[in-house]
Amino acid sequence: MDIKDKTKFDFKELLLLLSASLLVLLWGYAAFSKLGDYGRFVAQMQLAPVPLIKSLAPLLGVLVPVTELALIGLLFSERFKKAGLWLSFLLLLSFMVYIAVMLLSGLSLPCTCGGLISKLGWRQHLTFNALFMLISVLPFLWSRIFPKVYSPRSIYK
């Protein structure tokens, strides 16, 4: 490999790094907010109109932030970064289902998210999660939409 190959700009890699970095910030903030106010987090989950969530709230109060922290570990790992992005998408999707249940219940319940994110309304949460779902799959979509195209000059190398 010559020096020119080392200095090539790879937008796909930059997008992968940017997506992973944004998700690390999201999961770190969310996990530490939930762990920092564990009692409130569990109490708010126990208000949910879903009996399973009510009964599992103490377990979920630990499991959700630990899962978010585990995702951070995957996103930091070069080997598991792509898996971390897909698993982030799936966790966000599960949160979207939870938010949809909250909206469909018609009840005015507080958000179980921690920190500043808890100030968002349920519809704003849908938008916020949809944005981060897009961020988590953007590197994969980019590769499908813009596959690596070889320039005619590459034939002569």
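What share of the contacts in the protein with a separation of 6 or more comes from residues 24 or more positions apart? It is 69%, where a contact means heavy atoms within 4.5 Å. Keep that figure in mind as you look around.

Before you click, a word on the model: it is predicted, local features need pLDDT of at least 70, side-chain atom pairs count only at pLDDT 80 or more, and totals for chains, interfaces and linings use all residues. Residues are numbered from 1 along each chain as its sequence is written, and side-chain values use heavy atoms, with hydrogens and water left out.

**Stop 1: the whole chain.** Show the cartoon, and you will find 6 helices and 0 strands, in the order α-α-α-α-α-α along the sequence. These are DSSP runs numbered from the N terminus (helices are H or I, at least four residues; strands are E, at least two). Of the 157 residues, 34% are buried (under 20% relative accessible area; exposed is over 50%, partly exposed in between; 1.4 Å probe, protein chains only).

**Stop 2: H5 and H6.** Select residues 81-105 for H5 and 122-145 for H6. Their axes come within 9 Å and cross at roughly 160°. Axes are lines fitted to C-alpha atoms, for helices over the stretch in contact, with angles from 0 to 180 degrees between N-to-C directions. H5 and H6 are therefore roughly antiparallel (over 145 degrees). The crossing of H5 with H6 is left-handed, meaning that the near helix is turned anticlockwise from the far one by less than a right angle.

**Stop 3: the aromatic rings.** The whole structure holds 6 aromatic pairs: rings of Phe, Tyr and Trp (its six-membered ring) whose centres lie within 6.5 Å, stacked if the planes are under 30 degrees apart, edge-to-face if over 60, and tilted otherwise. Pick Trp86 and Phe140, a stacked pair at 4.6 Å centre to centre with 20° between the planes. Trp86 sits in H5 and Phe140 in H6, so this pair ties together parts 54 residues apart in sequence. Trp86 is partly exposed at 41% relative accessibility, while Phe140 is buried at 18%.

Next, select Tyr98 and Trp122: the ring centres are 6.2 Å apart and the planes at 70°, so the pair is edge-to-face. Tyr98 belongs to H5 and Trp122 to H6, so parts 24 residues apart in sequence are tied together. Both Tyr98 and Trp122 are buried.

Terms used
Angles under 35 degrees count as roughly parallel, over 145 as roughly antiparallel, 65 to 115 as roughly perpendicular and the rest as oblique.
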